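Hi,

Here is the structure I promised to pass on to you. Please open it next to this email, and then read on for what turned up in it.

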Amino acid sequence: MLNTEVPTVNRNLNSAPRIVGKLSEIVYACAEEKHQTIVLSNLPDDGNQLVAEAIHDLSSWADKPFFILTCQGQAGRNTRINLTHPVHCELPELFTNNLLLEPLHGGTVLLTDPYHLPIHQQQALLNLLADQLSLKLIINIKSFHRDLPQHLSLPLMKDARTVKVPSLRNHASDIRFASNYFLSKANLEWNKNIPGITEDCLQQMLLYPWPGQLPQLKEAIRRAAFLAPPNEMLELSSLPSQIRNFKATDRDFLKEAVKQAEYEMIYKTLRETNNNKRKTAEILKISRKTLYSKINMYKMNSYAQVLS
């Protein structure tokens, strides 16, 4: 059983087309109703996966599998569906072998970029995942925001609700909730029983700006739990030095943190678009001139050449 701070869920969230609020409210609201499809569109892939996993872990069907299916291709041509978590494998017989995913019945699936599929395959996939396998369907969209309304009219997303997860910065309750959740996960992974996080450790985490958002917070807690004594509270001394020593007035640190986050975002988006700079610029909402300038500034040309 995951040990997290259980908040009071805003019941009005269930009747809204878009689910907004604190991270804890969002997760618990999404975990209440298994048959409501959820669309995550505003976080990097790693962040969306963590939110989807939290929804699954805090649901009544958490004892069932959580897995990720990734759709790849271009506008309905040469499309394919691969299983990408917790293991990697191609699924060429997905639509002809109805028993292929039967062992995953009743769990949660994070489906990435289903708009690549032709309409008839989207409908077939919806029937398979939601109806036959009784899965909680969470959809991860990498595409840029202006395409979202168009995507929501597709079969897989027609009745879905979009989720907007807030940034961790200046959201104390979200940091507390996510930290306790990630500590519970780390306890399971490292076979420890760390009962909680000390207040001075939490206060330092509230001060830190978290440019890497949820993935960075998860890795910080995971590493700290690995190094901490098994049955004692997680102390400030267990945190990575860049977080432990951070001060709100440390402007140079903030600049470097922002640069690192920007580099990682550009690198990841170039990878996802197969080095398509026009699409990368559109996703990042910058001009191509600015993108090329940042590629040169971060000395990413060697990576771009490899993908070309």
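Let me start with helix 10 (residues 277-284) and helix 11 (residues 288-297): their axes come within 9 Å and cross at roughly 100°. Axes here are lines fitted to C-alpha atoms, for helices over the stretch in contact, with angles running from 0 to 180 degrees between N-to-C directions. Helices are DSSP runs (H or I, at least four residues), numbered from the N terminus. Helix 10 and helix 11 are therefore roughly perpendicular to each other, a label that covers angles of 65 to 115 degrees. On the helix 10 side, the contact (heavy atoms within 4.5 Å) is made by Lys277, Arg278, Thr280 and Ala281, and on the helix 11 side by Arg288, Leu291, Tyr292 and Ile295. By class, that makes four nonpolar, one polar and three charged residues. For these classes, Ala, Val, Leu, Ile, Met, Phe, Trp, Tyr, Cys and Pro count as nonpolar, Asp, Glu, Lys and Arg as charged, and the others, Gly among them, as polar.

A word on the model: it is predicted, so local features need pLDDT of at least 70 and side-chain atom pairs count only at pLDDT 80 or more, while totals for chains, interfaces and linings use all residues. Residues are numbered from 1 along each chain as its sequence is written, and side-chain values use heavy atoms, with hydrogens and water left out.

Now to the charged pairs. The whole structure holds six salt bridges, each a side-chain nitrogen of Lys or Arg within 4 Å of a carboxyl oxygen of Asp or Glu. Among them:

- Arg278, which also takes part in the helix contact, pairs with Glu282 at 3.0 Å between the closest N and O atoms. Both lie in helix 10, four residues apart, about one turn of the helix. Arg278 is partly exposed at 42% relative accessible area (partly exposed lies between buried, under 20%, and exposed, over 50%, with a 1.4 Å probe and protein chains only).
- Glu199 and Arg176 meet at 2.8 Å, N to O. Glu199 lies in helix 6 (residues 199-207) and Arg176 in helix 5 (residues 172-190), so this pair ties together parts that are 23 residues apart in sequence.
- Glu219 and Arg222 come to 3.3 Å between their closest N and O atoms.

How values were computed: Helices (H or I, at least four residues) and strands (E, at least two) are DSSP runs, numbered from the N terminus. Angles under 35 degrees count as roughly parallel, over 145 as roughly antiparallel, 65 to 115 as roughly perpendicular and the rest as oblique.
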